[in-house]
Amino acid sequence: MSKRRFFSGRNFVIAMPNLWLILFFMVPFLVVLKISLAEPRIAIPPYSPLWEWVNGELKWSLNFGNYSYMWEDSLYINAYLSSIKVAAISTLLALFIGYPMAYYIARSPEPRRSILLLLVVLPFWTSFLLRVYAWIGILKTKGILNEVLLWSGIIDEPLIIMQTDVAVYIGIVYTYLPFLILPLYANLVKLDDTLLEASYDLGASRISSFFRITLPLSWPGIVAGSMLVFIPVIGEFVIPTLLGGPDTLMIGKVLWGEYFSNRDWPVASAVAMVMLVVMIIPIMILRSAQNKGAEI
Amino acid sequence: MSEHLLAAEAKPWRDETAKPFVRIKGITKKFGDLAAVDDVSLDIYQGELFCLLGGSGCGKSTLLRMLAGFETPTMGSIEIDGQEMSGVGANLRPTNMMFQSYALFPHMSVEKNVAYGLLREGVSKPEAISRTEDMLSLVKLDGFAKRKPHQLSGGQQQRVALARSLIKQPKLLLLDEPLGALDKKLREETQFELIRIQEDLGVTFIVVTHDQEEAMTLSTRIGVMDAGKIVQVGEPRQIYEDPNSKYVADFIGSVNIFDGEVDAAAPDMMRVNTGSGPIMCAPVEGLTANQKLHIAVRPERIHLSRTKVEAANALQGTVDEVAYMGNLSVYRVRLADGRCLKVTAANGLHEENPITWDEEVHISWSAAASTVLTQ
Amino acid sequence: MKLRFTPVMALFGFVFLYGPIVSLVVYSFNKSKLVTVWGGWSTKWYVELFQNDQIMSAAWLSLKIGVIAASVATVLGTMMAMVLVRFKRVRAKAAMTGMVTAPLVMPDVIIGLSLLLLFVAMEGMFGWPAGRGLTTILIAHITFCMAFVTVVVQSRLSDMDDSIEEAALDLGASPTRVFFDITLPMIAPALISGWLLAFTLSLDDLVISSFVSGPGATTLPMVIFSKVRLGVSPDINALASLIVLAVSIGIIISAILMRKKSK
């Protein structure tokens with residue numbers, strides 16, 4: 001057996017993807033941490049080094065100023081809170097729309113079920129950027145929605161949706177809906193029909209059976225799907241930028257601005273580090289749902 | 001027909017000087033704290049059709065997988081034909097396995113499935129194809145070479161799996177519940193097929209099964225397993241007539257079990273006091289007075305009649321249930337103390353006045369028919 | 001017909017999902033630039049699209065990056081999936097699983113910023129990567145796409161009956177042989193889905209590319225984004241319609257192939 005050799009084929013297969021991920025996914029976080037503890041400089045690169053050799057001695061300069069700056073300026077705290085709020089509301093909205101869809105598809109007989117699944121997945125394969133762009137044309141003051149509503153007499157004045165939080169919610173739910181539906185569907189489709197039959201047989205109504213049997217059993221799928229929406233939405237940039245207004249405060253926009261507009265790498269890094277910390281709890285929730293058998 | 005003497009006839013396990021083909025010594029397999037196989041030692045001789053018999057979770061499949069090389073023992077050693085197997089990977093062992101799910105390669109034809117092992121050995125393609133044809137004839141699947149597994153019935157798939165595992169002429173063939181997925185009639189036919197093939201080719205078979213009838217039909221010897229341990233090893237007759245424990249007696253065939261205490265010891269009879277009265281049995285060495293033990297009596301050894309019969313053990317009872325099974329009838333007889341005994345009797349042709357429900361009957365059996373079980 | 005809650009909600013959901021796409025396609029044929037005015041049917045925006053060098057070269061670049069990144073990501077992702085599902089006696093599997101799950105939910109801004117900072121630091125220490133552009137975008141895309149491929153392949157692998165691979169091993173095939181003879185053909189559909197998924201994600205990525213790209217390497221999403229920030233632009237609608245068409249054809253073809261296979 002070749003398992004005694006260090007440079008065996010098996011070890012190569014284990015090493016390659018792991019080394020790649022460690023180098024290009026994990027190590028970058030350390031770099032972000034390091035730079036979050038630096039000061040901005042007019043230099044290339046535009047930050048101070050973490051350690052220097054001064055007269056043969058290693059000198060550390062850890063600067064926590066970026067973090068205290070973030071703490072003091074209410075912009076950042078508000079942005080974090082606002083991002084969490086938006087993520088939470090979007091997740092709930094997505095659940096409200098997505099659960100019935102997933103349920104309906106899971107309960108459909110073939111071939112309808114496969115076709116419906118295909119239909120859910122198809123938009124996902126088209127560019128997400130372009131689909132968000134489509135909403136610009138629909139939601140703006142002189143857009144399709146207002147045209148239809150005005151023309152049919154439902155409203156007198158055009159609705160101001162574009163560049164408000166409402167537009168952002170619509171955009172987020174629209175984009176992330178497949179991410180919620182798919183794990184939920186995977187879970188619902190595995191539910192044993194005979195459990196529901198047993199419930200009816202014992203005298204429970206359809207509604208009661210749903211809340212007592214189906215809903216609790218689909219819980220891991222609900223959690224997995226929700227986390228797949230909640231976590232990335234916290235750091236969303238494109239949708240708030242295209243559909244939201246200057247009032248739409250999200251931490252993804254803040255980070256982008258710190259890097260591209262302010263050219264302040266250390267603060268951008270500090271913003272990223274805090275974002276990571278904020279996401280730890282939802283990530284742990286996702287992992288525990290995975291362990292309970294939810295399929296992403 | 002093979003030239004060597006069949007193991008079933010030669011019975012090498014009875015010969016002290018015979019060298020075992022497979023030596024399993026002190027094998028233990030732990031998953032975490034749980035010992036799936038617990039200190040098992042077993043010798044199996046060449047040409048045997050050895051069955052590992054037990055209920056789910058008894059460790060028989062784990063033991064088989066360790067022989068095949070898919071699991072590594074936590075402790076102990078396995079020798080096949082004198083060769084130590086530890087460290088030898090599954091693909092390098094002189095064993096082949098027939099899987100419970102058949103595990104046929106779905107994207108390959110029957111021919112490619114069966115020839116696969118030969119090609120891996122380095123056999124030339126023409127020779128592999130020719131040997132595959134012969135093997136398919138042996139398992140009565142001529143003409144099926146180009147079909148794909150999903151086009152075959154369950155029984156046909158099973159024969160492909162068998163052909164594939166035999167074609168390399170392994171020293172040891174391991175079969176994991178080979179007949180489990182077949183319906184009863186097919187199972188009976190296939191059982192005899194299996195024996196025929198095994199005797200023709202002279203390959204040593206180790207079969208894992210939970211079906212005791214199957215084990216009794218197929219085996220030269222049976223190893224009964226419970227909770228990771230081997231409880232009894234012996235020829236089918238021994239296992240059936242001389243079980244060494246209540247577990248084995250109960251597992252194989254039907255049995256009536258009495259719990260009782262040793263009473264008086266006499267030269268050729270022994271008395272055990274049970275809840276249903278004293279039972280006489282053949283004497284057993286090494287028992288003490290008032291020792292607790294079980295008595296096992298097989299239903300077919302109990303005689304049922306309307307009139308009293310002289311016998312070492314004679315009791316009276318009422319017929320609670322009768323089940324007519326064609327070749328025999330199964331009676332449930334309720335005794336005075338309320339307990340029920342299972343009695344079977346062969347049916348004669350056109351019985352005029354068969355014993356029926358609620359009749360008062362006499363049941364009796366000899367002392368020799370009472371098997372003493374100390375565990 | 002009884003109006004049941006679930007089918008109605010489901011219908012609403014599908015209308016919600018497809019409405020915007022339909023609007024994109026319809027307005028790509030609107031002669032007028034304004035959404036509020038229907039100027040009649042016209043294909044002039046398609047003509048303009050193909051004459052736009054900036055968009056065309058960005059599209060070509062994105063396609064190149066997509067194919068390369070998807071292919072490498074598929075290989076690495078499949079390796080990881082095999083390690084997680086099939087390899088026994090591997091330590092730290094839980095840590096590896098965590099490392100694979102994280103990119104799936106990590107916001108793009110964090111992935112983009114962290115990789116950029118890494119590249120800058122590496123350039124400072126080793127001189128490589130020299131400047132940012134195609135290479136850095138490739139590395140970034142491979143990294144986050146790999147995680148998605150792993151999830152797809154892992155799911156198929158764990159559903160598969162592994163006794164078939166054991167049978168091949170039992171018949172004398174080496175583990176490498178088993179992978180190429182047995183495993184690979186059986187997971188082929190998952191590999192294809194994984195590749196397509198990686199390709200789509202790479203093609204569609206805006207934020208990460210913006211962070212790690214450099215002069216001369218402008219991807220299609222970057223071009224689209226800069227145009228679209230300024231408002232509606234019908235040549236973008238034309239582009240969108242073409243993409244929708246391509247995807248639809250692709251899906252229909254694959255659906256037909258799948259039906260044929262199962263017959």
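Predicted model: local features only at pLDDT ≥ 70, side-chain atom pairs only at ≥ 80, totals over all residues.
User: Which kinds of elements does chain C have, helices or strands?

Analyst: Chain C has 11 helices and 0 strands. Following the sequence, you read α-α-α-α-α-α-α-α-α-α-α. Along the principal axes, its C-alpha atoms fill a box of roughly 70 × 65 × 35 Å.

User: How do you know which residues of chain C are buried, and what share are they?

Analyst: A residue is buried if 20 or more other C-beta atoms lie within 10 Å of its own. Of the 263 residues in chain C, buried residues make up 47%.

User: Why is Leu81(A) called partly exposed?

Analyst: Let's count neighbours. Leu81(A) has 14 other C-beta atoms within 10 Å. Buried needs 20 or more and exposed needs 12 or fewer, so with 14 Leu81(A) falls in between and is partly exposed. Leu81(A) sits in helix 3 (residues 74-107) of chain A. From Leu81(A) to Leu19(A) is 62 residues in sequence and 36 Å in space, C-alpha to C-alpha.

User: Which residues meet where helix 7 and helix 8 of chain C touch?

Analyst: From helix 7 of chain C come Ile164(C), Glu165(C), Ala168(C) and Leu169(C), and they meet Val178(C), Asp181(C), Ile182(C) and Thr183(C) of helix 8. Sorted by class, this contact has 5 nonpolar, 1 polar and 2 charged residues. Glu165(C) and Asp181(C) are in this contact, and Asp and Glu count as charged.

User: Where does chain C touch chain B, and which helix gives the most?

Analyst: Here 15 residues of chain C are in contact with 16 residues of chain B. On the chain C side, helix 7 (163-170) and helix 8 (175-204) each supply at least two residues. Helix 7 of chain C gives the most, with 7 residues. This side of chain C divides into 9 nonpolar, 3 polar and 3 charged residues.

User: What makes up the two domains of chain C, and how many residues join them?

Analyst: The domain assignment gives domain 1 (14-51 + 236-263) and domain 2 (53-231) of chain C. Their centres, taken over C-alpha atoms, are separated by 28 Å. Between them, 4 residues of domain 1 are in contact with 5 residues of domain 2. Helix 2 (44-51) and helix 11 (234-262) of chain C each supply at least two residues of the domain 1 side. That side has 4 nonpolar residues, with no polar and no charged.

User: How many residues of the domains of chain B are in contact?

Analyst: In chain B, 4 residues of domain 1 are in contact with 5 residues of domain 2. The domain 1 side divides into 1 nonpolar, 1 polar and 2 charged. The C-alpha centres of these domains of chain B lie 34 Å apart.

Definitions and conventions. Residues numbered from 1 in each chain as written. Chains lettered and ligands numbered in written order. Contact = placed C-beta atoms within 7 Å. Helix = DSSP H or I, 4+ residues; strand = E, 2+ residues; numbered from the N terminus. Domains from an automatic or database assignment.
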